[in-house]
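User: I would like to learn how to read helix packing and nonpolar cores in a model. Please take the features one at a time.

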Amino acid sequence: MSKKTPLTTIGDVTDPGFGVYVHWPFCAAKCPYCDFNSHVRHQPVDQPRFVEGFLREMAAVRALSGPRTVTSIFLGGGTPSLMEPATVEAILNGIAGHWHMPDDIEITMEANPSSVEATRFYGYRAAGVNRVSLGVQALNNRDLKFLGRLHNVEDALKAVRLARDIFPRMSFDLIYARPDQTVEDWERELKEAVSYAVDHLSLYQLTIEEGTPFYGLHKAGKLIVPDGEQSAVLYEATQEITAAIGMPAYEVSNHAQPGAESRHNLTYWRYGDYAGIGPGAHGRLSVGAEKVATATERNPEAWLRLVEERGDGIAERELLDPEAQADELLLMGLRLREGVDLSRWQMLSGRDPDPDRERFLIEHGFIERLGNSRLRCTPAGMLILDSVVADLAC
């Protein structure tokens, strides 16, 4: 049974905010572990034409969302740092033209160290970006090569130094549970990462996704990753190390100094509304008393043709009934250390959690109640999060 710890919350948990996600789908190369909607093009991308597409789709999504105050913007991909600063500026100006943008808005941009240069970073900052998330992934050249990254450690550290000097906030991603990685190796790497004055770390275990080159190698027995027991050991070590260095987990894979949590991702996990713009982007929008799930065409050129022909590239539009919303709220909220708002879940689902299932999970140390208002996973429960959600949602 895990020891119960006090609830610490981040910001206003009653107001998840409204985010805008913009997907730039192009990469210089496809990483062998990646199943994101990313595409390599060997000819220059017509950035002004895509900007016009983004602006047209924004207008269509604004008609669905109505007037809102945007609390965060996230430029993801793909590799957004392949965009020219003028492209970023035009996109941000478009968002400001369709929704209200307060002065304290969080604007995050993903960047790969191999596509970073000082002039671009200064240009992104001038355009309004105030938080950068660097796809470092590893801090040794052997593993960077294994992961198919185009940068080396020297490139990564150059990008980190630039980001630290130019942007008010900085995060970077690392992938762990790599082949032959020991706990001692990982501890050294984590401590080195924090020494570069980042305020946020996204730490993901290497997963083998179907349809990727790693999937084929793994299936053929040519790629061996840590088993469940070793992965659990690495995960538990991650929690201990980051907590000890002042960057505790606030979500299953995300760690931050207090106050440096990603507002945009908190909007997702607290089941707020967000607009999805660009090829392969997803959105969740409240329209009156209903919630609409949107997904756009994934292929960039097909998306652009749709936008030019009819004004948006939305390929799927689903009306989520209250039960579906309750399931999504539970799935997202239990990822957070602060847990899920039970009253909101009860209002959507029209029922209380099954008392026998809840009692079983509490007795086995997988979940805990925080008063009568919140429910959260324990550290042990986080290790089997999907099973816990499935049990509670039944």
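User: In which hand, left or right, does α6 pass α8?

Analyst: First, the ground rules. This is a predicted model, in which local features need pLDDT of at least 70 and side-chain atom pairs count only at pLDDT 80 or more, while totals for chains, interfaces and linings use all residues. Residues are numbered from 1 along each chain as its sequence is written, and side-chain values use heavy atoms, with hydrogens and water left out. A crossing is left-handed if the near helix is turned anticlockwise from the far one by less than a right angle, and right-handed if clockwise. Here α6 passes α8 in a right-handed crossing. Helices (H or I, at least four residues) and strands (E, at least two) are DSSP runs, numbered from the N terminus.

User: At what angle do the axes of α6 and α8 cross?

Analyst: Two packed helices are described by the angle between their axes and the distance between the axes. Axes are lines fitted to C-alpha atoms, for helices over the stretch in contact, and angles run from 0 to 180 degrees between N-to-C directions. For α6 (residues 183-195) and α8 (residues 228-244), the axes cross at roughly 30° and come within 10 Å. The two are therefore roughly parallel (angles under 35 degrees; over 145 is roughly antiparallel, 65 to 115 roughly perpendicular, and the rest oblique). Val183, Trp186, Glu187 and Leu190 of α6 make the contact (heavy atoms within 4.5 Å) with Gln230, Val233, Leu234, Ala237, Thr238, Ile241 and Thr242 of α8. By class, that contact has seven nonpolar, three polar and one charged residues. Ala, Val, Leu, Ile, Met, Phe, Trp, Tyr, Cys and Pro count as nonpolar, Asp, Glu, Lys and Arg as charged, and the others, Gly among them, as polar.

User: Is Leu190 buried or exposed?

Analyst: Buried means under 20% relative accessible area, exposed over 50%, and partly exposed in between (1.4 Å probe, protein chains only). Leu190 has a relative accessible area of 0%, so Leu190 is buried. Not counting residues up to four places away in sequence, Leu190 touches Leu174, Leu201, Leu203, Thr238, Ile241 and Thr242.

User: Which way do α11 and α15 run relative to each other, parallel or antiparallel?

Analyst: Roughly antiparallel. The axes of α11 (residues 322-333) and α15 (residues 385-393) cross at roughly 150° and come within 10 Å. Their crossing is right-handed. Asp327, Leu330 and Leu331 of α11 meet Val389, Leu392 and Ala393 of α15, giving five nonpolar, no polar and one charged residues.

User: At what angle do α1 and α2 pack?

Analyst: α1 (residues 47-65) and α2 (residues 85-98) pack at about 15°, with their axes 10 Å apart. That makes α1 roughly parallel to α2. The crossing of this pair is right-handed.

User: Which residues touch the most other members of the largest nonpolar core?

Analyst: In soluble globular proteins, nonpolar side chains tend to be buried together. A nonpolar core is a set of buried Ala, Val, Leu, Ile, Met, Phe, Trp, Tyr and Cys residues joined through side-chain atoms within 4.5 Å. The largest one here has 96 residues, of which Val20, Ile95, Phe121 and Leu134 touch the most other members. Helix α5 (residues 153-166) supplies the largest share of this core, eight residues. Apart from this core lies another, of eleven residues, including Ala260, Trp269, Tyr274 and Leu336.
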